[in-house]
Each structure stands twice: as C-alpha cells, then as structure tokens.
Amino acid sequence: MQGQQAEVAWSGGVPVAARFDDPYFSLQGGAAETAHVFLAGNDLPRRFAPGFAIAETGFGTGLNLLVTLRAWAEAGTPGTFSFTSFEAFPLAPEDLARAHAAFPELAEEASALRAALASPGPWQIGPARLTVIEGDARRTLPAWAGRADAWFLDGFSPAKNPELWEPALLAEVARHTAPGGSFATYTAAGHVRRALEEAGFTVTRRPGFGRKRHMSSGWLG
C-alpha cells in the first residue's frame with residue numbers, strides 16, 4: 001500500500017494511532033472482539049456463501065480480514081469471498097508485523113497478508129479477494145461500484161474520528177449494501193445509530209465486547 005502512512009505509538013504491544021489517540025484493536029483481545037462484533041454482529045459465519053461480499057471502513061492492522069479468513073476456513077465454506085476496505089492511513093509493513101505478533105494463532109493468515117501487501121493490489125489471499133481503497137472514505141466510498149452483503153464499520157472512535165461516522169458517509173454505506181445486507185459496529189453512540197436508521201437500516205443495540213456495554217448491528221430494509 002502506497003498512501004500516507006499512519007503514525008503509530010505502542011502501548012503494551014497494542015498499536016495506537018497517534019493521529020486519533022485510539023488503539024487499533026481491543027486491549028481485552030482484538031481477535032475475540034472481531035469475532036463478537038463483526039462476525040456475530042453480521043450473523044457470520046452462518047451467512048457465508050460463495051461470492052459473499054464484505055466491506056469495511058478502516059483496514060488498520062488487517063485483523064478483521066485475518067479473523068474472517070480463519071472463520072471461513074473453519075466453516076468449510078466453498079469458493080471465495082471479496083473483502084473491500086477503505087483506509088486513509090495504512091500502516092507501515094514493520095508496524096503490521098509487530099501488531100500481528102499479538103495473534104500467534106493467526107500467524108499463517110497474517111504471514112500471507114503481509115507477503116501479499118508487498119505487491120500492488122488487489123490481492124488473492126486464500127479464498128479472499130482483498131481490495132484496499134486508500135484515501136478519505138468520504139470521497140472514495142461514493143465512487144465505489146461495489147455493494148457489500150456485510151459491513152464492518154470499524155473506524156476509530158466517533159469522538160476522535162468523526163469523519164468516518166458522518167450521516168452522509170453512513171448513507172453511502174447503505175447505498176452500497178446489497179438487498180438484505182447488514183452492518184455491525186462496536187459503537188452504540190446515539191448519533192451513529194440514528195444516522196444508520198435514517199440511511200435505511202433497522203438498527204439493534206446489542207451487548208458489547210469486554211468493557212463496552214453495547215454495540216450496534218442492523219439490516220437494510
């Protein structure tokens with residue numbers, strides 16, 4: 001990836017985005033949070049099927065992709081899936097490697113991801129066709145020609161990275177969601193839930209992960 005790289009600080013092995021003063025993954029267990037919020041929140045892996053399309057805001061360390069790859073394999077789903085991520089500030093290769101060291105159980109997937117990212121994308125990583133669209137999602141998402149069956153809304157905290165939670169952008173998320181598609185996110189902030197409802201999602205507040213009391217998920221239509 002060639003975009004403006006993220007500046008990273010480190011806290012006990014967890015990367016923290018200097019620009020937003022927010023960690024890239026949960027201090028209570030990043031892989032477990034991905035499974036709880038983004039997989040279970042989108043009723044995955046039950047909905048996995050050949051050609052399934054996932055999109056996310058915020059590629060970060062690629063952890064959501066790694067956990068999805070493992071879940072796809074464990075579910076025994078045939079065929080391939082697409083994974084499209086919108087990322088403004090990609091991590092440097094050395095920061096990716098350091099972050100991935102926190103997840104030895106995903107070492108195989110992480111190694112394959114880092115090897116792929118050394119060349120220009122899109123990339124085929126096992127069953128996943130990965131595309132990372134760099135730049136401000138407020139400009140790049142409206143121009144995207146695709147639609148997702150499931151969205152992982154994983155920008156930094158709405159209080160610290162409000163650009164990824166603006167009503168206009170969340171309306172674009174809905175516009176780029178397939179019929180019957182879904183979203184999940186770790187935040188239950190009222191203004192985010194209202195914006196998603198206004199965009200056309202039926203929004204549900206659910207138990208959150210770790211110290212977060214609540215999260216949000218929903219379906220289009």
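Strand E4 (residues 53–57) and strand E5 pair in the parallel sense over five bridges. Two strands count as paired if DSSP finds at least two bridges between them. Helices (H or I, at least four residues) and strands (E, at least two) are DSSP runs, numbered from the N terminus. This is a predicted model, in which local features need pLDDT of at least 70, side-chain atom pairs count only at pLDDT 80 or more, and totals for chains, interfaces and linings use all residues. Residues are numbered from 1 along each chain as its sequence is written, and side-chain values use heavy atoms, with hydrogens and water left out.

Stay with this pair of strands. Ile 54 stands opposite Phe 83 in E5. E5 spans residues 81–87 and is mostly covered. Six of its seven residues are buried, meaning under 20% relative accessible area with a 1.4 Å probe, protein chains only.

Now widen the view. E4 and E5 belong to an open sheet of eight strands, in the order E6-E7-E5-E4-E8-E9-E11-E10. The pairing in this sheet is mixed. Strand E6 (123–125) and strand E10 (201–207) are the edge strands, and each pairs on one side only. From one strand to the next, the twist averages 20°. An antiparallel pair is found in E9 (residues 177–185) and E11 (residues 214–220), joined by four bridges. Here Ala 184 has Ser 217 of E11 as its bridge partner.

Helices pack on this sheet. Helix H1 (residues 30–39) touches strand E8 (148–153), E9, E10 and E11. Contact means heavy atoms within 4.5 Å. The direction of H1 makes about 140° with that of E9. Axes are lines fitted to C-alpha atoms, for helices over the stretch in contact, and angles run from 0 to 180 degrees between N-to-C directions. H2 also packs on the sheet, touching E4, E5, E6, strand E7 (128–134) and E8. Its direction makes about 170° with that of E5.

H1 and H2 also meet each other. Their axes lie 9 Å apart, at an angle of about 75°. That makes H1 roughly perpendicular to H2. Angles under 35 degrees count as roughly parallel, over 145 as roughly antiparallel, 65 to 115 as roughly perpendicular and the rest as oblique. H1 brings Gly 30, Ala 31, Thr 34, Ala 35, Phe 38 and Leu 39 to the contact, and H2 brings Leu 63, Asn 64, Val 67, Thr 68 and Ala 71. These residues divide into seven nonpolar, four polar and no charged. Ala, Val, Leu, Ile, Met, Phe, Trp, Tyr, Cys and Pro count as nonpolar, Asp, Glu, Lys and Arg as charged, and the others, Gly among them, as polar.

H2 (residues 63–75) has a further partner in H4 (residues 107–117). The two axes come within 9 Å and cross at roughly 125°. H2 and H4 are therefore oblique to each other. Leu 65, Leu 66, Leu 69 and Arg 70 in H2 meet Glu 109, Ala 110 and Leu 113 in H4. This contact has five nonpolar, no polar and two charged residues.

H4 packs with helix H3 (residues 93–100) as well, at about 175° and with the axes 11 Å apart. H3 and H4 are therefore roughly antiparallel. Leu 96, Ala 97 and His 100 of H3 touch Ala 110, Leu 113, Arg 114 and Leu 117 of H4.

A three-stranded sheet remains. It is open and antiparallel, in the order E1-E2-E3.

Definitions and conventions: Buried means under 20% relative accessible area, exposed over 50%, partly exposed in between (1.4 Å probe, protein chains only).
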